[in-house]
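Please walk through this structure with me, one residue at a time to begin with. Then we widen the view.

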Amino acid sequence: ALLAAMMSTIAGAINSLTAVLFKDMLPLISSQLPTQDKEVIYCKHLTLLLGLLTMILALLLFRLGGGLRTTVLEVVSVCAALWPILFSAFLYGVLSTRVSAKAMFVSLIIGIAVGVIFPYVFYYGVSEEHRWGFQWVSLPGQIVAFVLPPLLSLIWPNKKTIDGLTVYTTK
């Protein structure tokens, strides 16, 4: 039952990530949007790709933690620690009119990189008696994802009209 619950949680997270990447990142890459039929096909392929990347990350963590007691729960905890980083994109998208898409995208990339590196350095890279808990290992990536967007928006300001898209511009 625990494995089924973890798999369901991961599947939901991958589907959410697929929707965010497809709907928010595709317009940045291509000006021509696909038809609704092609959207479904693209999302299926993107879901498969993100699922494979998650499995590769799990295998990489298992391999890098060679000789350590690596469990499914540890791998799921590292993957689950990345989703609060995505929460910053939703939060700034709803509450901020100043944060630009480019600043948010760069912040997410850096936050996720920090969120993947820190578990290896501060959990698998140290002896068992000096390890941090997973809840603390994920904190630096979350801090980066919350602090960087407003700072990077000073470099890349939001130039688009976003009337009706945030809490403060809704009529």
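Ser-88 touches Met-104, Leu-108, Ala-145 and Phe-146, leaving out residues up to four places away in sequence. The model is predicted. Ser-88 sits in helix H4. Its relative accessibility is 0%, and buried means under 20%, so Ser-88 counts as buried.

Where does the side chain of Ser-88 reach? Another is with the backbone oxygen of Ala-145, at 3.4 Å.

Now take the helix itself. H4 has 13 residues. From its first C-alpha to its last, H4 reaches 19 Å, close to the 18 Å expected at 1.5 Å a residue. Which residues of H4 are buried? They are Ile-85, Leu-86, Ser-88 and Tyr-92. These residues lie on the same side of H4, because they cover an arc of only 135° around the axis. An α-helix has 3.6 residues a turn, so residues three or four places apart point the same way.

Next comes the core. The largest nonpolar core has 14 residues. Leu-50, Ile-85, Met-104 and Leu-108 have the most contacts inside it. Helices H1 (2-29), H2 (36-64), H4 (83-95) and H5 (101-124) each supply at least two residues of this core.

Leu-50 has its own set of partners. Leaving aside neighbours within four places in sequence, Leu-50 is in contact with Ile-14, Leu-17, Thr-18 and Leu-21.

Definitions and conventions: Residues numbered from 1 in each chain as written. Predicted model: local features only at pLDDT ≥ 70, side-chain atom pairs only at ≥ 80, totals over all residues. Heavy atoms only, no water. Core = buried A, V, L, I, M, F, W, Y, C linked by side-chain atoms within 4.5 Å. Buried < 20%, exposed > 50% of the residue type's maximum accessible area, 1.4 Å probe, protein only. Helix = DSSP H or I, 4+ residues; strand = E, 2+ residues; numbered from the N terminus. Contact = heavy atoms within 4.5 Å. Expected span 1.5 Å × (residues − 1). Arc of directions from axis to C-beta. Polar contact = N/O pair within 3.5 Å; in protein donor to acceptor, adjacent residues only side chain to side chain.
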